[in-house]
Amino acid sequence: IVFSTPTCSFCNAAKSYFRQKGVKFRDVDVSRDPAAARDMVRRSGQQGVPVIDIGGRIVVGFDRPRINQLLGLK
């Protein structure tokens, strides 16, 4: 799950990276969905985006090395 907003450049970079790597994800626009925004804060303790949930493990920001590690990518 990628918690994002349409104007967030790091969110767009993360989603583009997932598409490039063939990783399926669900994009949740927290600017349009207050319940999703609360869920994101509950999961991560963060209000900033992107917050990426990979199998229950939270990555705050577009942390490519951490994302690669969690997904087993090189």
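Guide: The buried residues of helix H3 are covered by parts that include helix H1 (9-21), strand E3 (51-54) and strand E4 (57-60). Helices (H or I, at least four residues) and strands (E, at least two) are DSSP runs, numbered from the N terminus. This is a predicted model, in which local features need pLDDT of at least 70 and side-chain atom pairs count only at pLDDT 80 or more, while totals for chains, interfaces and linings use all residues. Residues are numbered from 1 along each chain as its sequence is written, and side-chain values use heavy atoms, with hydrogens and water left out.

H3 spans residues 64-71, and its buried residues are Ile67, Asn68 and Leu70. These lie on the same side of H3, because they cover an arc of only 165 degrees around the axis (taken from the directions from the helix axis to the C-beta atoms). Pro65 and Gln69, on the other side of H3, are exposed. Buried means under 20% relative accessible area, exposed over 50%, and partly exposed in between (1.4 Å probe, protein chains only).

Ile67 and Leu70 also belong to the largest nonpolar core, which has 10 residues, among them Phe18, Ile52 and Val59. Such a core is a set of buried Ala, Val, Leu, Ile, Met, Phe, Trp, Tyr and Cys residues joined through side-chain atoms within 4.5 Å. H1, E3 and H3 each give two or more residues to this core, and H1 gives the most, with three.

Not counting residues up to four places away in sequence, Val59 touches residues including Arg66, Ile67 and Leu70, where contact means heavy atoms within 4.5 Å. After H3 comes Gly72, with a positive phi near 70 degrees.
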